[in-house]
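Trainee: Could you walk me through reading a sheet and a core, step by step?
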Amino acid sequence: MPLLEYTVGFVIGSAFGAFNGKELHPLATGAVQQAKAVTGKVGFGGIPGHFRILTSRPARGQLLAVKCGIKRAANLPKADIIGSSDPYVVIELRRQTEGLKASPAFKYRTKKIMNDLNPEWNERFSTSPFEYEEDHKILVTLYDYDFMKSHDKLGYCEIPLTDLINKTGPASYRVLPCPDGVKHQSAGAEIILDFEVVAE
């Protein structure tokens with residue numbers, strides 16, 4: 001069974017405190033995504049009380065997968081001389097300690113949307129299972145598709161995997177300019193993504 005690292009808050013009378021620890025999977029079904037919903041009873045110094053899990057994270061080496069929904073982007077920069085941009089998204093699972101020359105643990109590419117600075121993809125995918133490390137990150141890169149030449153980078157964002165644990169639902173991420181991307185950036189460029197980290 002996988003380990004769950006957690007922080008527990010306990011209430012006894014009017015007193016409140018917290019402690020850290022590790023337990024086996026039965027403490028929280030699903031270990032990661034269900035932890036916030038767990039409640040129960042615990043004795044403290046012979047006095048009955050109750051507890052709830054405040055925060056949790058997977059143990060190093062635990063098998064996880066990431067479910068991702070790529071919703072839409074807004075205010076992307078114009079890359080083409082004629083027209084606007086033909087954007088698509090590449091999402092990679094990487095580690096902070098590895099350079100970009102290293103192969104990502106997982107990679108997904110969306111379809112291209114022609115001539116649109118506010119594209120909607122509405123695509124979903126799941127990564128293959130991987131062993132969790134604290135330096136895992138999601139690298140999101142937006143490109144402008146070009147038929148006759150290399151594709152221009154419209155921007156990127158990096159999201160530490162630890163920021164996504166115990167979070168669900170769509171969120172907006174700022175698209176930053178790439179040093180080797182298009183020179184003219186659009187203020188307020190963003191991408192809407194939906195992540196869920198699950199235990200395998």
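Mentor: Leaving aside neighbours within four places in sequence, Val140 is in contact (heavy atoms within 4.5 Å) with Val89, Val90, Ile91, Gly155, Tyr156, Cys157, Ile159, Ile191 and Leu193. This is a predicted model, where local features need pLDDT of at least 70 and side-chain atom pairs count only at pLDDT 80 or more, while totals for chains, interfaces and linings use all residues. Residues are numbered from 1 along each chain as its sequence is written, and side-chain values use heavy atoms, with hydrogens and water left out.

Trainee: Which residues have the most contacts inside the largest nonpolar core?

Mentor: A nonpolar core is a set of buried Ala, Val, Leu, Ile, Met, Phe, Trp, Tyr and Cys residues joined through side-chain atoms within 4.5 Å; buried means under 20% relative accessible area, exposed over 50%, partly exposed in between (1.4 Å probe, protein chains only). Here the largest has 32 residues, and Val140, Leu142 and Ile191 have the most contacts inside it.

Trainee: Is Thr141 buried or exposed?

Mentor: Thr141 is buried, because its relative accessible area is 7%. Thr141 lies in strand 10 (residues 136–144); strands are DSSP runs of E, at least two residues, and helices are runs of H or I, at least four, numbered from the N terminus.

Trainee: In what order do the strands of the open sheet come?

Mentor: Strands of a sheet pair through backbone hydrogen bonds, either parallel or antiparallel. Two strands pair if DSSP finds at least two bridges between them. Here 4 strands run in the order 7-6-10-11, with antiparallel pairing. Strand 7 (106–109) and strand 11 (152–160) are the edges, each pairing on one side only.
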